[in-house]
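User: I would like to learn how to read a protein model, starting with confidence and then moving to sheets and helices. Please take me through one.

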Amino acid sequence: MLKFQLRDSEIKITQPVEKFMTPDPFTLSTKDNVQKAIELMMDNKIGSCIIVDDQFRPQNIITKTDTIKLIFSGYTSLSIEDAIEFLGKDGKKLITVKLGTPVSECVKLFVTKNIKHLPVTDKKEVLKGIISATNILKKLSLLIFTDNLTSLGNRHYLQSIQFRLERIKSKHPIGILVADIDNFKQINDVYGHHIGDTVLQKVAQTILKTIRITDEAIRIGGEEFLIILFHASEISALKIAERIRKAVENLTFEEVPELRITISIGAVLCPCYILVDECIKTADKALLEAKEAGKNKVIFIPPRKTK
């Protein structure tokens, strides 16, 4: 039931540009001078300013590199309009992107056009923000390792945890729980996918509220979740699994008051970080047993003993 391979093709930056951009960027008019641009960049520790017209539509960009050229040329008193002409930027159409543009399209523009900043506009070409490669890099790691719907870690994050365990070589037992929402397909069929998404989100939040702050919760696909309990014992792992099961059983939904859901959980105590992959498979088998036993249950399987 589980897949753990990390494939580059699965990392898709489809989120809209507004999730990455800096809103309300610093702007100048063509009537301002170069000295004002220099002061604006120094005071606010920014790398560029957008030149806008009277209707706040972006016309050009002055970068920190541009200001250095102007300083060494002795042109700090020039107007922005004259500075743009001196820099050879006049007459060149400014590349912009619209709100709603996927970030992947911005990345393509950065690469193919050899630019570092992109003004973001609305449908009327009015400036709304600016995005840079730095903006994307700051949020990219979070994006890669986070499930968009539930905000839990995803399968890529699971692999990073496995690398971390290998690096620290922890000798403490690790609790592994594999949980699956019962009859989830039926929920989607009867109530629609928007309610199904709400169910996934509420279950994810319930799991997060139930586990300890040091533990990890991951959505590993569909309606299936993996919970990693650090420094666990058989007793603590079973207690947490039961708390999750009961909390999910007690969930209510305002949109569909008659809806009640349950969750089945397979549990195992992993004695050594080296055996995490094997223990996940064992917990997955325990989950299948819980399903076959009538669902809404926690089943624990002792792992094989290490020599």
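User: Where is confidence lowest and where is it highest in the protein?

Analyst: This is a predicted model, and the average pLDDT of the protein is 89, with 93% of the residues scoring at least 70. Helix 5 (residues 133-145) has the lowest confidence, a mean of 78, while strand 12 (residues 298-300) has the highest, at 97. Over residues 1-11 the pLDDT is below 50, and this stretch has 23 contacts in the model beyond near neighbours in sequence.

User: What is the order of the strands in the open sheet?

Analyst: Strands of a sheet pair through backbone hydrogen bonds, in either parallel or antiparallel fashion. Here five strands form an open sheet in the order 9-10-8-11-12, and the pairing is mixed. Strand 9 (216-221) and strand 12 are the edge strands, each pairing on one side only. From one strand to the next, the twist averages 20°. Strand 8 and strand 10 run antiparallel and are joined by six bridges; A179 has F225 in strand 10 as its bridge partner.

User: Which strands does helix 8 lie across?

Analyst: Helix 8 lies across strands 8, 9, 10 and 11, at about 10° to strand 10.

User: Why does the length of helix 9 agree with its number of residues?

Analyst: Helix 9 (residues 234-249) has 16 residues, so at 1.5 Å a residue it should span 22 Å; the end C-alpha atoms are 23 Å apart, which agrees.

User: What do the buried residues of helix 9 pack against?

Analyst: The buried residues of helix 9 include A237, I240, I244 and V248. The partners of its buried residues are helix 8 (193-210) and strands 8 (174-181), 10 (224-229), 11 (263-270) and 12.

Technical notes
Residues numbered from 1 in each chain as written. Predicted model: local features only at pLDDT ≥ 70, side-chain atom pairs only at ≥ 80, totals over all residues. Heavy atoms only, no water. pLDDT = per-residue confidence, 0-100. Helix = DSSP H or I, 4+ residues; strand = E, 2+ residues; numbered from the N terminus. Contact = heavy atoms within 4.5 Å. Expected span 1.5 Å × (residues − 1). Buried < 20%, exposed > 50% of the residue type's maximum accessible area, 1.4 Å probe, protein only. Pairing = 2+ DSSP bridges. Axes fitted to C-alpha atoms, helices over the stretch in contact; angles between N-to-C directions.
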